[in-house]
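Please open the model in a viewer and keep the sequence to hand.

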Amino acid sequence: MKRGNKILVVGATGYVGGHLVSRLVQAGYDVRCLARNPARLTGRSWGSVEVVRGDVLRPETLPVALEGVSVAYYLVHSMGAGEQSFEEQDLEAARNFGRAAKEAGVARVVYLGGLGHGDSRSSHLRSRQETGDMLRAEGPPVTEFRAAVIVGPGSISFELIRYLTERLPVLICPRWVSTRCQPIGIGDVLRYLVECLEEPRSVGRILEIGGADVLTYGDMMKQYAKMRGLSRWLINVPVLTPRLSSYWVDFVTPIPARIVRPLIEGLRSEVVVHDPVARDMFPWQPHSYKDAVYSALEREESNAVEIVWSTPLSALSRAAEPDQLTTTQGMILDKRQIEVATSAEQVYRTFMGIGGKRGWFAFDWAWRLRGMMDRAIGGVGLRRGRRSADDLLPGEALDFWRVEMVETNHLLRLRAEMKVPGRAWLQFEVVPLTSQSCTLTQTAFFEPHGLGGHLYWYFLYPIHVLIFKRMLNAVGRRALSALSPPRRARETAPLYS
């Protein structure tokens, strides 16, 4: 395929689609994305990728998106949405898109579906394969990849395994935990999806893909726990139905029952590769489950870390709602936001001066107490201070934080180096509204380690609410008072909202 040809990605707001766009851009392809809400794709570091508003359930919106497209990636799944069942909605969407792609002269559609064979397939797995059948019946030639559990943060099947293993020292396991599966890492899935563009033999084929290992879901949980340094016991209980299992998972994880239930029904079906043609067509060895999990858990210990799990922390923060505790991709986010009636540059200068001798702008006694507690258990405490009173550089110490990222007049991100059962970050971000007003966002990120990490966070959450809210408001007040005499600042109302 020529690099100059236009490629359309449908489903770029999803986990696989978002990463696929980055890979295609890196490979030199001209990429366009179709999205119902293009705002959800803002802030992505994709360069000159074109974004078009459209909806596969509204066929009249598709011709513009498909104009000039040679290959279209179809990565849409409607599970848990709308009044229709997700099976009906997926078929309708595939029918609409297949017809529109054929009329637009698209040469090929690339689709990612699910593994599964015979009558043992769940309704969820049958739906994924019937969607591929509909694309073939109504549209141009289809390259359909079929995969089982995709190992990577953001993949719901992997999230299910991760949340259960992290949160529960004793796992009550229904029969599906003994089902065999052939998981595959997200990096290998993306490699297949990109390399098929240069492999003409893949056109019109169904290609089953999997990693190097065939494991049970119980084996996957045990290996994950071992890599995280967690002790876990699995107790088999044959009486848990998919419905009861879904309610239990809904209770102990952030994944809602309406999504979990079809997933768990699918977990009862063995999903392993039967047809090895993909291995012959693409002569490289997929990674083991252990290597795939390691990649998912890996952190780049540099001074400018931007990727945590699979998504930039800034993108996670933008996706979260202010003043609502959010759990996503193994992260707990506490996001707060205010408007300040001064320039973004002034607010940036203010939060860049936090810590050290100036203190933390709110509840300094609590910060000092936390520092003493950290020293008592062998941590760094607050003794390090800061190098300069007015500026910070990536990589240097700030009390018991490490400066991880600085973007001039925009962002400061700190990584905690005090002893906590997990990993923590604190981020300040300012975005101008006008020349004399801006939005200030403060986000605390916490990646808990096991049940202890979750208990630590939720035990301290009421205290965090008080401290983080007061600290955010103090940054706004100080930014304003830096421009006006204190008396006038106190008399002006309101200073921020």
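In which helix is the place of Arg128? Select residues 123–138, which make up helix H4, and Arg128 will be found there. The model is a predicted one, and the values that follow are computed from it. With a relative accessibility of 8%, Arg128 counts as buried, because the limit for that class is under 20%.

**Helix H3**

Move to helix H3, residues 86–103, and pick out Asn96. Is Asn96 buried or exposed? Its relative accessible area is 13%, so Asn96 is buried. Display Gly139 as well; its C-alpha atom lies 9.1 Å from that of Asn96, across a separation of 43 residues in the chain.

**An aromatic cluster**

Now select Phe145, Tyr192, Phe282 and Trp284, which together form one aromatic cluster. The whole structure contains 17 aromatic pairs. One of them joins Phe145 to Phe282 in a tilted arrangement, with 6.4 Å between the centres and 50° between the planes. What does this pair tie together? Phe145 belongs to strand S6 (residues 142–147), and Phe282 to the loop between helix H10 (277–281) and helix H11 (289–297), so the contact connects parts 137 residues apart in sequence. Phe145 and Phe282 are both buried.

Keep Phe282 selected and turn to Tyr192. The ring centres of Tyr192 and Phe282 are 5.4 Å apart and their planes stand at 85°; the pair is therefore edge-to-face, the class for angles over 60 degrees. Distant parts of the chain are again linked, since Tyr192 sits in helix H6 (residues 186–195) and Phe282 in the loop between H10 and H11, 90 residues apart. Tyr192 has a relative accessibility of 1% and thus counts as buried. The corresponding value for Phe282 is 3%, which also places Phe282 in the buried class.

**Charges over rings**

Select Arg478 and Phe361: the charged end of Arg478 is placed over the ring of Phe361, at 3.9 Å from its centre. Then select Arg162 with Tyr163, where Arg162 lies over the face of the ring, 5.6 Å from the ring centre.

**The second largest pocket**

For the next view, select Arg370, Tyr456, Leu460, His464 and Ile467. Of the 25 residues that line the second largest pocket, these lie nearest its centre. The pocket holds about 550 Å³ of space. Helix H14 (364–376), strand S21 (422–434), strand S22 (437–448) and helix H15 (450–481) each give two or more residues to the lining. Which element gives the most? It is H15, with 8 residues. By class, the lining comprises 23 nonpolar, 1 polar and 1 charged residues.

**The largest nonpolar core**

Finish with Val347, Phe351, Trp360, Trp401 and Met471, which touch the most other members of the largest nonpolar core, a set of 41 residues. Colour the elements that give two or more residues to this core: strand S17 (331–340), helix H13 (344–351), H14, strand S19 (401–407), strand S20 (411–416), S21, S22 and H15. H15 gives the most to the core, with 9 residues. In soluble globular proteins, nonpolar side chains tend to be buried together.

Methods
Residues are numbered from 1 along each chain as its sequence is written. This is a predicted model: local features need pLDDT of at least 70, side-chain atom pairs count only at pLDDT 80 or more; totals for chains, interfaces and linings use all residues. Side-chain values use heavy atoms; hydrogens and water are left out. Rings of Phe, Tyr and Trp (its six-membered ring) pair if their centres lie within 6.5 Å; planes under 30 degrees apart count as stacked, over 60 as edge-to-face and the rest as tilted. Helices (H or I, at least four residues) and strands (E, at least two) are DSSP runs, numbered from the N terminus. Buried means under 20% relative accessible area, exposed over 50%, partly exposed in between (1.4 Å probe, protein chains only). A charge sits over a ring if NZ of Lys or CZ of Arg is within 6 Å of the ring centre and within 35 degrees of the ring normal. On a 1 Å grid over the protein atoms alone, a cavity is a set of points where a 1.4 Å probe fits but cannot get out, and a pocket is an open set with protein on both sides within 12 Å along at least five of seven lines; lining residues have an atom within 4 Å of a point. Grid points are joined across faces, edges and corners, and a volume is the space filled by probe spheres set on the points. Ala, Val, Leu, Ile, Met, Phe, Trp, Tyr, Cys and Pro count as nonpolar, Asp, Glu, Lys and Arg as charged, and the others, Gly among them, as polar. A nonpolar core is a set of buried Ala, Val, Leu, Ile, Met, Phe, Trp, Tyr and Cys residues joined through side-chain atoms within 4.5 Å.
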